[in-house]
Amino acid sequence: MLDYTKKEKYDRTALRVNPAKTCQPVGAMYAALGVHECMPHSHGSQGCCAFHRMFLTRHFKDPAMASTSSFTEGASVFGGGSNLKTAAKNIFDIYNPKIIAVHTTCLSETIGDDLNAFIQDIDIPEGKYMVHTNTPSYKGSHITGFSNMVASFISYLSVSSGNKNGKAVLMPGFVNPGDMRELKRLATALGVSYTMLPDTSGVLDSPMTGKFEMYPKGGTTVEEIIALGNSELTLAFGKFASEAGAETLKKKCGVPYNLLPIPIGISRTDEYIIALQAFSKTEVPYDIEEERGQLVDILIDIHPYTYNKKVAIFGDPDTVLGITEFVLEMGMIPKYVLTGTPGDAFVSAAEALFTKFGVDGCIAKAGGDLYELHQWIKEDGIDLIIGGTHGKHIARAEDIPFIRAGFPIIDRYIHSYMPLVGYKGGMRLAEMITNALMDRQDRDALEEDFEMVM
């Protein structure tokens with residue numbers, strides 16, 4: 001499909017081709033699904049809501065429930081206030097959620113709908129809640145929308161009673177339910193009492209019971225979000241997806257935060273374990289030490305196959321930086337590192353990793369697109385691509401092994417159940433990378449060089 005991508009580059013300032021991101025409402029909807037009995041609501045057209053739901057459903061292979069203000073020509077001209085009021089009444093009457101989380105679209109942002117004023121004017125049933133966040137699709141990315149919605153839940157709901165509850169707040173960032181389960185497992189192993197926000201485990205990886213449930217058992221409860229203001233400390237994973245929420249909780253309720261990288265790989269997981277240990281004042285269990293030792297042993301074993309292999313990594317900024325550091329720990333060279341989400345902090349963080357591990361000639365770019373990544377690969381080739389499904393066309397055109405990791409992965413199954421974080425996640429990622437490289441070595445070996453054991 002991309003066989004005709006040109007090698008020669010030209011200046012593009014107002015055009016993105018295959019931009020390695022999607023729009024803010026997708027992230028806002030994902031964050032809202034991580035709250036128990038929450039109905040995400042798209043304030044815009046039916047088409048926008050259908051796209052956002054489709055994007056999440058194709059990745060998680062589970063239904064993403066959401067509602068819409070269903071804009072028509074009239075709402076586009078005169079505003080969507082009446083649509084939102086009617087929608088809120090219908091949603092509470094028919095679907096009975098505990099809370100409605102409203103996010104805007106390009107259309108409602110462009111006509112200037114004042115969501116805060118609309119919600120103030122809605123007759124919300126007793127014991128129910130409505131929150132909103134602004135998510136114009138023409139700026140930022142789904143990561144920005146996710147970050148905005150998390151901050152809005154806190155801004156609307158969290159309060160401090162002045163009595164600390166001894167809990168930590170875990171803000172996992174834009175990761176899969178399988179990652180959230182692994183983060184919680186490690187926290188429990190170190191004796192940390194916590195609340196995770198948002199928590200899509202049990203929602204988008206819920207078991208088949210034979211019975212449809214509008215609101216599965218998982219998700220952070222509204223009561224838990226309200227009580228976040230009494231927490232001792234926030235551990236926020238990923239500058240792009242979680243810092244805004246942690247900063248909002250600090251400003252509103254005085255809860256300090258520790259900004260951590262998403263714990264992909266050895267050193268980043270070490271940082272998480274040390275932070276948990278500092279909070280709980282307990283010894284690290286042997287089981288966790290054993291997992292770390294196993295991952296180190298694995299990296300030593302596979303080193304002959306991964307050393308000096310060049311890799312291109314693209315996707316969400318926090319995830320890409322985590323994978324970048326992990327491949328550096330494996331002795332690989334992250335030749336090209338790219339995210340579609342804008343933000344200078346991504347480039348400076350990536351370049352700091354290049355310096356830390358002493359690798360030269362690597363390129364990092366934020367707000368980039370896969371067309372440019374393809375051009376880079378044509379100019380100077382690589383051994384492996386790591387990213388979401390949209391990279392498969394480049395991999396096919398250039399005949400390069402491809403590892404699916406990150407968001408979205410729409411042409412494979414099970415990935416959202418399997419963690420990339422923690423030492424266990426590192427083992428899985430190392431297995432996928434090594435096997436892809438060894439499969440390629442087998443495929444390309446001459447008959448006289450083909451061996452049962454390489």
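Tutor: Before we start, a helix here is a DSSP run of H or I with at least four residues, numbered from the N terminus. Keep in mind that this is a predicted model.

Student: Okay, what makes α14 stand out in the lining of the second largest pocket?

Tutor: Its share: α14 gives four residues, the largest share of that lining. The helix spans 344-357.

Student: And how do you know that Ala349 belongs to the lining of the second largest pocket?

Tutor: A lining residue has an atom within 4 Å of a pocket point. Ala349 is one of the 16 residues that line this pocket, and is listed among the closest to its centre, along with Lys239, Pro261, Arg268 and Leu321. The pocket itself has a volume of about 270 Å³.

Student: Which domains does the lining of the second largest pocket draw on?

Tutor: Domain 2 (168-280) and domain 3 (302-444), with at least three residues from each.

Student: Now the largest pocket. Why is it said to lie between domain 1 and domain 2?

Tutor: Because domain 1 (24-157) and domain 2 (168-280) both give residues to its lining. The space in there is about 530 Å³, and 26 residues line it, with Asp62, Val203, Ser206, Glu213 and Pro216 nearest the centre.

Student: Which element gives the most to the lining of the largest pocket?

Tutor: Strand β1, residues 38-43, with three residues.

Note on methods: Residues numbered from 1 in each chain as written. Predicted model: local features only at pLDDT ≥ 70, side-chain atom pairs only at ≥ 80, totals over all residues. Heavy atoms only, no water. 1 Å grid on protein atoms, 1.4 Å probe; cavity = no way out; pocket = protein on both sides within 12 Å on 5 of 7 lines; lining within 4 Å. Points joined across faces, edges and corners; volume = space filled by probe spheres on them. Helix = DSSP H or I, 4+ residues; strand = E, 2+ residues; numbered from the N terminus. Domains from an automatic or database assignment.
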